[in-house]
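Q: I have a model open and want to learn how to read it. Can we take it feature by feature?

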Amino acid sequence: MSRSMNLRRVLLLVGAAALLGACAKHDDSAVAMQAAAALGPQSTAADPLARGRYLVKAADCAACHTTSDGAPFAGGVKLASPFGTFYGTNITPDKDHGIGNWSADDLYKALHDGVTPDKQLYPAMPYTSYRQLSRADSDAIYAYLMAQKPAAVANHEPELSFPFNLRFGVRFWDWLFLTDTLPDASEGQSPKGTSSGAPPKGTSSGASAEWYRGRYLASALGHCAECHTPRGKFGQLDGARPMTGAALGRIAAPDITPHGLASRGWTAADLQTFFATGIAPQGSAFGEMYPVVHLSSQYMTHDDLRAMSTYLLGDQPPPAQPLQPSQSVSADAAQLETGRNVYLAVCAGCHGLGGEGKPHVAIPMHANSTLRQSDAHNLIVAMLDGIGAQDFPGLERMQDMPGFATQLSDTELAQLANYLRATYGGQPADVTADAVKALR
């Protein structure tokens, strides 16, 4: 077969896939839009600016568009990726550097298609998720942003390696990977093959209004899939493994499918508490989740947080799995004793002799969600790098945790990780010194 015929066949297949995708749109779109209309405080329903303010927080816009020492929404936040460094752009009403010359149509096109009046956006801007936003919500966001103080702050161009620095290539990426729907967390199957209890994407069979409301909050506004879904080699979301966890940055985003959450002891009530305060019995928010709580989820209404928890765990959530007794975990007693000695020397002063933790100082170790993860990546990184002091909503705070990269050897850190995982997380003591070394 000739090369031209092969190319023609590929183009036909891609075109057919696009058509099938268009034909496979949600048959529950009306229900989804009703769910979207119910978001936020009822007092904002007739006030576009108030609703826009709520939506901008729920969408976590400040995380990418406001630096710690910069003007609100003036951009400049560094976004590291395997392809290079992106920078959040200026979305104030400044006419030279921001979006002051944009219309409401322009913002909707940017959110929905990743296209601005002067360029094609890279999918580091999560239009792959924001394209699910309703036009009414896009317009409310536009009204709020246009009411902000303009900031004359120039944008930083992305620092990307070849060929990713060729922006026109994004058009081909969109052609291949941009879709009107996103994979749902609740579509994942447990290892035993049982469903999560929530309806599959594209159907309305038995789904509650709260589930749809939560899906809009988590998939569209919260764009959870952008961090928690693995990606292919071209940066596209892997629809075959929705919400099963991904490692885009130093801290890996964990599995937040219903089974993944339940296996680490999460309940709907605990998720609500975590989103509202950053702290739950399973531990505290750190890494990229800390700014999510700090800038976004703490401002969401109780009803919206409950809906998001319902979506993530399903209408009929799987029961939270009890912690496996440490006696049943395969581990060498001598190795665990060595790890315990390391724990007593450098950890017990804050986390307690028995891992009970101390209020306003350090979280408990018992049943900690990070310790219950099958992959020890985040635990190792936390021990190496430490965690900065954190102020949470209300009066709760956690003091800084120092990193032990220079204080403990790879072997000692592996022994400590194994002690923590086996004793408090019910996980195998299988962390090696080489695994620690690889993450230094």
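The dialogue below goes from the whole chain to single residues.

Q: What kind of model is this, and how many helices and strands does the protein have?
A: The model is predicted. The protein has 19 helices and 7 strands.

Q: How much of the protein is buried?
A: Burial is read from relative accessible area, and under 20% counts as buried. Here, buried residues make up 46% of the 440 residues. The accessible surface comes to about 21100 Å². Carbon and sulfur atoms hold 58% of that surface.

Q: What share of the contacts links residues 24 or more positions apart?
A: Take the contacts with a separation of 6 or more. Residues 24 or more positions apart account for 64% of them.

Q: Which residues form a nonpolar patch on the surface?
A: Phe-162, Leu-166, Phe-168, Phe-172 and Trp-175 form one. Together they have about 590 Å² of accessible area.

Q: Where does Phe-168 lie, and is Phe-168 buried or exposed?
A: Phe-168 sits in the loop that runs between strand E3 (159-160) and helix H8 (169-177). Its relative accessible area is 52%, so Phe-168 is classed as exposed.

Q: How do I read a single helix, say H3? Which of its residues are buried?
A: Go through the helix, then look at both ends. H3 spans residues 48-58. Its buried residues are Ala-50, Arg-51, Gly-52, Tyr-54, Leu-55, Val-56 and Ala-58.

Q: What is found at the start of H3 and just after H3?
A: At the start, Asp-47 places a side-chain oxygen within 3.1 Å of the backbone nitrogen of Leu-49. Just after the helix, Asp-60 has a positive phi of about 60 degrees.

Q: Now the cysteines. How many disulfides does a search of the whole structure find?
A: A disulfide is a covalent bond between the sulfur atoms of two cysteines. The search of this structure finds 0. Cys-64 is in no disulfide, and its nearest cysteine sulfur belongs to Cys-227, 8.5 Å away. Cys-224 is in no disulfide either. For Cys-224, the nearest cysteine sulfur is that of Cys-227, at 8.7 Å.

Q: Are Cys-64 and Cys-224 buried or exposed?
A: Cys-64 has 26% relative accessibility, so Cys-64 counts as partly exposed. Cys-224 has a relative accessible area of 16% and is therefore buried.

Q: Where is Arg-213 found, and what polar contact does its side chain make?
A: Arg-213 belongs to helix H9 (residues 209-221). At a relative accessible area of 15%, Arg-213 is buried. Its side chain makes a polar contact with the side chain of Asp-304, at 2.8 Å.

Q: Last, Tyr-419. Which residues does Tyr-419 touch?
A: Leave out residues up to four places away in sequence. Tyr-419 then touches Leu-336, Gly-339, Arg-340, Tyr-343 and Tyr-424. Tyr-419 lies in helix H18 (residues 410-424). Its relative accessibility is 7%, so Tyr-419 counts as buried. Thr-338 is 81 residues from Tyr-419 along the chain, yet their C-alpha atoms are separated by 8.2 Å.

Terms used
Residues numbered from 1 in each chain as written. Predicted model: local features only at pLDDT ≥ 70, side-chain atom pairs only at ≥ 80, totals over all residues. Heavy atoms only, no water. Patch = residues over 30% accessible without salt bridge, like charges linked within 9 Å, V, L, I, M, F, W, Y side chains within 5 Å. Areas by Shrake-Rupley, 256 points an atom, 1.4 Å probe, with all protein chains shown as cover. Salt bridge = Lys/Arg side-chain N within 4 Å of Asp/Glu carboxyl O. Helix = DSSP H or I, 4+ residues; strand = E, 2+ residues; numbered from the N terminus. Buried < 20%, exposed > 50% of the residue type's maximum accessible area, 1.4 Å probe, protein only. Disulfide = S-S within 2.5 Å. Polar contact = N/O pair within 3.5 Å; in protein donor to acceptor, adjacent residues only side chain to side chain. Contact = heavy atoms within 4.5 Å.
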